[in-house]
Amino acid sequence: MKGKKYVDALKKFDQSKQYEMADAIQIALDTATAKFDETLELHVKLGVDSRHADQQVRGVCVLPNGTGKSVKVLVIAKGAKADEAQAAGADFVGAEEYISKIQNEGWFGFDVMITTPDMMGLVGRMGKVLGPKGLMPNPKSGTVTMDVAKAIHDVKAGKVEYRVDKQSTCHVIFGKKSFGKEKLLENVTTIMDALIKAKPASAKGVYLKSIAIATTMGPGVKVSYKA
């Protein structure tokens, strides 16, 4: 059962209609009635078959106005790269001791793990633990790199990752209600541009099949989008 506030929110717009992105954001903001600063989410169903390797859509982009979330970063590195990570503002820096903490204590006090390529042998053993939580470092998402300082900066500045799930849909957060319409529109446009550029050459037919945005507690608003 949906709560009264959710049902009331549905009455404020036409659920069958597709709205321009700016109007959809305004509706989402108008129907966000929770007592906390709700997060806005973008949901895009793509015309790809995610079972095929050549139709995977995955990448990252840095939102111009950040995500509004404070992100805790764990860097697995040694020596000079560990020092670089500390200087760049990583929340946790180390190697075997953190691998052990995750494996033996089930510790997940971080949101993003960054590692240098030489440490992937160590990190790779935890694929079964990190993978399902979306925490496994990956070169495509910029989290396996020698430039740990840039990786930390991008994550802290508001880097988001987009990737298709089994239903060929991307789910990406793009800010908080408190950002206001203009900043949210800038952020979501950045993600849409990245998704359009990431269209696989093998994808046939309509690429952007359906688009919706929603707040944490609010209903989804359909969006029409001209690529």
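Where in the protein is confidence lowest, and where is it highest? I looked up pLDDT, the predictor's confidence in each residue, from 0 to 100. Helix 1 (residues 4-10) is lowest at a mean of 76, and strand 3 is highest at 97. The mean for the protein is 92, with 99% of its residues at 70 or more.

Ground rules: this is a predicted model, where local features need pLDDT of at least 70, side-chain atom pairs count only at pLDDT 80 or more, and totals for chains, interfaces and linings use all residues. Residues are numbered from 1 along each chain as its sequence is written, and side-chain values use heavy atoms, leaving out hydrogens and water.

Next, the open sheet. I found 3 strands in the order 4-3-5, with parallel pairing. (Strands are DSSP runs of E, at least two residues; helices are runs of H or I, at least four; both are numbered from the N terminus. Two strands pair if DSSP finds at least two bridges between them.) Strand 4 (92-94) and strand 5 (112-115) are the edges, each pairing on one side only.

Strand 3 (residues 73-76) is joined to strand 5 by 4 bridges. I picked out Val73, whose bridge partner in strand 5 is Val112. Helix 4 (residues 96-105) packs on this sheet and touches strand 3, strand 4 and strand 5; contact means heavy atoms within 4.5 Å.

Last, strand 7 (residues 169-176). I see 6 bridges joining it to strand 1 (residues 39-46), and the two run antiparallel. Val44 has Cys170 of strand 7 as its bridge partner.

Conventions. Axes fitted to C-alpha atoms, helices over the stretch in contact; angles between N-to-C directions.
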